[in-house]
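Visitor: I would like to learn how to read this structure. Where do we start?
Guide: Take a look, and then we will go from chain to chain.

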Amino acid sequence: MSHAVPLERETVGVAGRGRSIEWLGVIALLAVIIAQLNGVLNSPPDRDMGHLQKIMYVHVPAAWNAFIAFFVVASASLLYLWKGQERHDLLAASAAEVGTLFTGLTLALGSIWGRPTWGVWWTWDPRLTSTAVLFLVFVGYLSLRSFVEDADRRAQWSAAVGLLGALNVPIVYMSVKWWRTLHQMQSSPSTVDPEYAVGLRTNGIAILLVLIYFIMKRYRAARIERMAEHVAERAALEGRTNG
Amino acid sequence: MADGNNFVIAAYVVMWIGLIGYGVRLHRVTREVQRRLDDASRDGRNA
């Protein structure tokens with residue numbers, strides 16, 4: 001892939017952004033702590049679920065932000081297929097990794113909520129099943145990236161799988177409307193009691209900050225890794241020419 | 001916090017393990033790729 005910016009300048013540029021990303025990490029960490037403390041300490045127990053309602057403040061933001069991450073994957077994958085620029089492939093891969101983490105957390109937290117509420121850790125409900133499929137598709141995406149050696153081929157295949165995988169997001173979202181079974185309708189500030197809406201919003205925003213921090217940090221690491229490969233290749237080439 | 005107390009605590013613990021675990025992994029990956037870039041740059045200058 002061609003670089004429009006000289007490698008030395010780009011190396012300094014990407015490496016220099018590290019400190020501002022770390023500041024975002026500190027802000028995101030503080031935001032999560034404050035939002036969770038506020039949610040746990042200040043929201044009253046739910047009439048039906050009691051204090052189990054507080055799991056909503058981690059489960060729902062994890063799910064929302066997984067969807068946002070996969071939207072980034074789909075957008076970056078489309079851009080890669082259109083323009084063929086390496087940075088779009090690296091952004092898609094970074095967002096896919098973080099999205100997979102949040103989907104895994106969504107499943108685990110939902111399972112912890114389901115045991116006392118439904119009496120089972122897992123059931124083949126359409127919402128749970130479609131989320132598990134989404135998770136597995138992106139585990140496959142990450143595996144694909146790890147075993148394809150050729151960078152261009154890896155990027156093209158990943159973009160195709162990333163786009164197809166992200167198509168599953170609307171299915172997950174709509175599953176509770178299309179097949180009304182065990183999982184309740186989507187929890188959002190407009191569907192929950194106003195007493196819980198502020199907690200849900202603030203936790204959603206705090207986890208969004210964490211998502212942005214993780215994607216930016218992963219993307220920066222991927223760019224540095226690629227630069228190290230380019231520098232090593234160039235050094236080997238120059239060594240061969242001089243020798 | 002009587003009913004479901006353990007499940008609520010478990011959920012928050014799992015969330016924090018996930019976030020901190022991934023944060024630590026990212027930190028290690030960044031440190032490793034930075035080291036590789038520094039090594040490659042040094043080799044390039046010496047070539």
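Guide: We start where the chains meet: 26 residues of chain B are in contact with 32 residues of chain A. Contact means that two C-beta atoms, placed from the backbone, lie within 7 Å. This is a predicted model: local features need pLDDT of at least 70, side-chain atom pairs count only at pLDDT 80 or more, and totals for chains, interfaces and linings use all residues. Residues are numbered from 1 along each chain as its sequence is written, and chains are lettered from A and ligands numbered from 1 in the order in which they are written.

Visitor: How many helices and strands are in chain B?
Guide: Helices (H or I, at least four residues) and strands (E, at least two) are DSSP runs, numbered from the N terminus. Chain B has one helix and zero strands. Its C-alpha atoms fill a box of roughly 70 × 10 × 5 Å along the principal axes.

Visitor: Is A96(A) buried or exposed?
Guide: Count the other C-beta atoms within 10 Å, with C-beta atoms placed from the backbone: 20 or more is buried, 12 or fewer is exposed, and in between is partly exposed. A96(A) has 30, so it is buried. It sits in helix α4 (residues 86–118) of chain A. Among the residues it touches are V73(A) and F138(A).

Visitor: How many residues of α3(A) are buried?
Guide: 20 of its 28 residues are buried, so α3(A) is largely enclosed by the rest of the structure. Just after α3(A), G84(A) takes a positive phi of about 70°.

How values were computed. Lists of a residue's contacts leave out its neighbours within four places in sequence.
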